[in-house]
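Here is a short report for a reader new to this structure. Look the model over, then read on.

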Amino acid sequence: MANGSKPRLSVAKRAVSAGPSPQLGSRPSRAEAEEAVRTLLRWAGDDPQREGLRDTPARVARAYEDWFSGYADDPEGYLARTFEEVHGYDEMVVLRDIRFESHCEHHLAPIIGRVHIGYLPDSKVVGISKLARVVDAYARRLQVQERMNAQIANCIQHVLEPKGVAVVIEASHQCMTTRGVHKPGVVMVTSTMLGAFREDARTRREFLNMIGNPVSGERS
Ligand SMILES: [Zn+2]
């Protein structure tokens with residue numbers, strides 16, 4: 001985890017696992033999911049039958065459908081329709097400050113932050129909204145930030161086959177701000193650099209400057 005006072009560039013390994021594969025076949029019923037919420041309400045010390053909580057299990061089940069809709073998404077599919085005619089454009093494409101909401105797989109607590117994406121097109125470019133959809137497809141699952149970071153970068157590298165991909169994520173983990181060590185304001189910074197962004201310090205620096213350099217701590 002990045003140290004709050006002196007964030008460092010941490011280059012995530014490419015070999016980060018692809019994460020769990022959805023087990024939709026063994027998916028419990030909605031009634032079972034709602035019953036599980038009732039159990040947690042009792043575990044918290046409350047009475048699921050009191051008026052204010054009576055509809056909560058149904059609401060939580062619906063919220064889960066929204067928060068975890070990424071399991072039904074195909075991130076690579078979003079990039080499949082590319083615009084190949086770039087008329088000689090061979091400079092960096094950067095999408096900065098893509099807000100995301102995810103949930104940590106250790107506590108089911110929200111992870112809220114921003115993703116910055118850069119790539120150096122070879123022949124394929126893609127509509128920018130598609131990159132944001134890729135972020136959401138991975139964010140709307142149970143995650144650890146390092147894996148989500150690598151997944152986004154690897155997905156873009158795999159489908160667009162650019163000369164390089166850079167993905168930086170800055171996020172605050174509510175399992176750390178609202179419980180445990182209670183450290184609000186701590187931002188975790190991770191990055192994955194592939195191809196030209198990994199091999200060429202100048203390319204990497206140009207990208208980091210364009211996104212406000214979160215990994216050097218120079219951002220105001
Ligand atoms: Zn957590």
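## Core, sheet and helix

The largest nonpolar core holds 38 residues. Val115, Val134, Val135, Ile152, Ile156, Val165 and Val167 have the most contacts inside it. Helix H5, residues 145-160, supplies the largest share of this core, with 7 residues. All of this is read from a predicted model.

Valine 134 shows what such contacts look like. Beyond four places in sequence, valine 134 touches Pro75, Tyr78, Leu79, Ile152, Cys155 and Ile156. Ile152 and Ile156 are also on the list of core residues with the most contacts.

**Confidence.** The average pLDDT of the protein is 88. A score of at least 70 is reached by 85% of the residues. Residues 1-18 are another matter: pLDDT stays under 50 there. The model has 29 contacts beyond four places in sequence for that stretch. Where pLDDT is low, predicted coordinates should not be read in detail.

**The sheet.** Five strands form an open sheet: 5 strands in the order E3-E1-E2-E4-E5, with mixed pairing. Which strands stand at the edges? They are E3 (142-143) and E5 (188-195). Each has a single partner strand, so one side of each is left without a neighbour in the sheet.

|---|---|---|---|
| E1 (residues 93-104) and E2 | antiparallel | 9 bridges | valine 93 and tyrosine 119 |

E1 and E2 form a hairpin with 5 residues between the strands. In that hairpin, leucine 108 takes a positive phi near 60 degrees.

**Helix H5.** This helix has 16 residues. From its first C-alpha to its last, H5 reaches 23 Å. That is close to the 22 Å expected at 1.5 Å a residue. H5 is mostly covered, as 12 of its 16 residues are buried. Among the buried residues of H5 are Gln145, Arg147, Met148, Asn149 and Leu160. Ile152, Cys155 and Ile156 are buried residues of H5 too, and valine 134 touches these three. Glutamate 161 follows H5 and has a positive phi, near 45 degrees.

**Threonine 56.** This residue lies in helix H2, which covers residues 56-67. Is threonine 56 buried or partly exposed? Threonine 56 is partly exposed, with 18 other C-beta atoms within 10 Å; a buried residue would need 20 or more. Leaving aside neighbours within four places in sequence, threonine 56 is in contact with Val37 and Leu41. Arginine 38 is 18 residues away in sequence from threonine 56. The two lie 8.4 Å apart in space, C-alpha to C-alpha.

**In brief.** Residues 1-18 have pLDDT under 50.

Definitions and conventions. Residues are numbered from 1 along each chain as its sequence is written. This is a predicted model: local features need pLDDT of at least 70, side-chain atom pairs count only at pLDDT 80 or more; totals for chains, interfaces and linings use all residues. Two strands pair if DSSP finds at least two bridges between them. Helices (H or I, at least four residues) and strands (E, at least two) are DSSP runs, numbered from the N terminus. A nonpolar core is a set of buried Ala, Val, Leu, Ile, Met, Phe, Trp, Tyr and Cys residues joined through C-beta atoms within 7 Å. Two residues are in contact if their C-beta atoms, placed from the backbone, lie within 7 Å. pLDDT is the predictor's confidence in each residue, from 0 to 100. The expected span of a helix is 1.5 Å times one less than its number of residues.
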